Amino acid sequence: MLHNVEKCARHLVVSERSNFRHSKSKHHKHVQAHHYNYQVSILIPECGVIPPRVTAACRNLGEYYLVEQLPIHRMLEPDFINKFVKQGFLYVLSYNTRIDQDNCIALLPIGKLILSVDKDTYEELGLEGKPSMYSHKAAMRYNITVHIRDATFVPGEKRYNRVMWALKEKKPLKFDFLMKWHSSGGQEANLVSYFKEYECKVYQPIVSTRILKDIDSPVLLGNELKGKDNESCSSEEFLDWLGAVFSDIDCNNQADSFLSTYCCPWPSTVLDKACLYTISGFIIPEGINQMLDQLRLYFEEPKLAHWVSMTVHGFADSPVSWGENEHGYYKGGENLYNFVLFSNQDYWLHMAVGAHSACPP
């Protein structure tokens, strides 16, 4: 029993260093590929208030929707596909479903509907799919992908008729769905109006600010991703410290502490103050890229600090992590990335997942 307690679930962290001005920098691409995000945390050292440009970008995130008990087949109707799926980018994720126990659904902005279902549901639907990468020897979960942007996915075609029949008549599936539509311009439509016969709730992202006082902070050098002896900490040491800050864990390693023996990595310095700004909700990549671009402008004027950090957490029960990479829960459902932005426009990027997720890009 003790042996099992001591075992730590495998996790994977991919770290890279680049410069925002570099022509081959992939910072926007990595953000855009991480579709489903529930929280963004921004940490700015030696700062008592979040920059106005960043707060403006957060206000521009806009509202998102929770559509209750919506049948999946309603999202396969030609009118819906033409108004929302083929015009702009639609993000849809089943709400309050557990990826390791329940059926979970995601509609990607590229127009692919992913159904992560248990064995019984898979057999009842009778649609073609693949066993989950994280099944046991006998597959207990399956993934079904439907390309609803495909030119041949229209009424009258064999594939369309088969999928619609399976989801509307043979095995009708209903879920509560989180939805957010990012228009590509020109086309105006409203999800609330379209689903007016269903309970549709409108939400705004929730924002909170916390000012931290007199905290130990790792010393960082933007050009030393792996750290330098007695001069700077590594990117992974920083990521561990950041997790402790977000969790409000005391990093002093005091002898009388029974909660944590963690201490700030060395070398370190003391920050007089730091601003932790957190946005929670159904947050899409387009809004996150806007926040990232505004944070880059933070160093246009001289600042006491030479770095800022932005951490993005993905939904633990999302069927995918980056792109179409399958995502599972196992012990934690970790699914996040972090940018450390330096004053010279260098940046570090960490991408982290748990045991049941494919390697980040």
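**View 1. The exposed face of helix H6 carries Lys 158 and Glu 169.** These two exposed residues sit on the face of H6 turned away from its buried side; exposed means over 50% relative accessible area, buried under 20%, and partly exposed in between (1.4 Å probe, protein chains only). Helices (H or I, at least four residues) and strands (E, at least two) are DSSP runs, numbered from the N terminus. A word on what you are looking at: this is a predicted model, in which local features need pLDDT of at least 70, side-chain atom pairs count only at pLDDT 80 or more, and totals for chains, interfaces and linings use all residues. Residues are numbered from 1 along each chain as its sequence is written, and side-chain values use heavy atoms, with hydrogens and water left out.

**View 2. Here is the buried side of helix H6 (residues 158–170).** Tyr 160, Val 163, Met 164, Ala 166 and Leu 167 are buried. Seen down the axis of H6, the buried residues fall within an arc of 160 degrees, so they line one face of the helix; the arc is that of the directions from the helix axis to the C-beta atoms. They pack against helix H4 (78–85), strand E6 (112–118), helix H5 (119–125) and strand E8 (141–147).

**View 3. Leu 115 and Ile 72 touch the most other members of the largest nonpolar core.** This core has 40 residues, and its largest share, five residues, comes from H6. A nonpolar core is a set of buried Ala, Val, Leu, Ile, Met, Phe, Trp, Tyr and Cys residues joined through side-chain atoms within 4.5 Å. Not counting residues up to four places away in sequence, Leu 115 touches Ile 72, Cys 104, Tyr 142 and Leu 167, among others; contact means heavy atoms within 4.5 Å. A second, separate core of 32 residues includes Cys 47, Ala 57, Leu 61 and Trp 322.

**View 4. Eight strands form an open antiparallel sheet.** Their order is E7-E8-E6-E5-E4-E9-E3-E10. Strand E7 (130–131) and strand E10 (200–203) are the edges, each pairing on one side only; two strands pair if DSSP finds at least two bridges between them. Strand E3 (residues 64–71) and strand E9 (residues 174–182) pair over five bridges, and Tyr 65 has Met 179 in E9 as its bridge partner.

**View 5. Ser 18 lies in strand E1 (residues 12–19).** Ser 18 counts as buried because its relative accessibility is 18%. Leaving aside neighbours within four places in sequence, Ser 18 is in contact with Ser 25, Gln 345, Asp 346 and Tyr 347.
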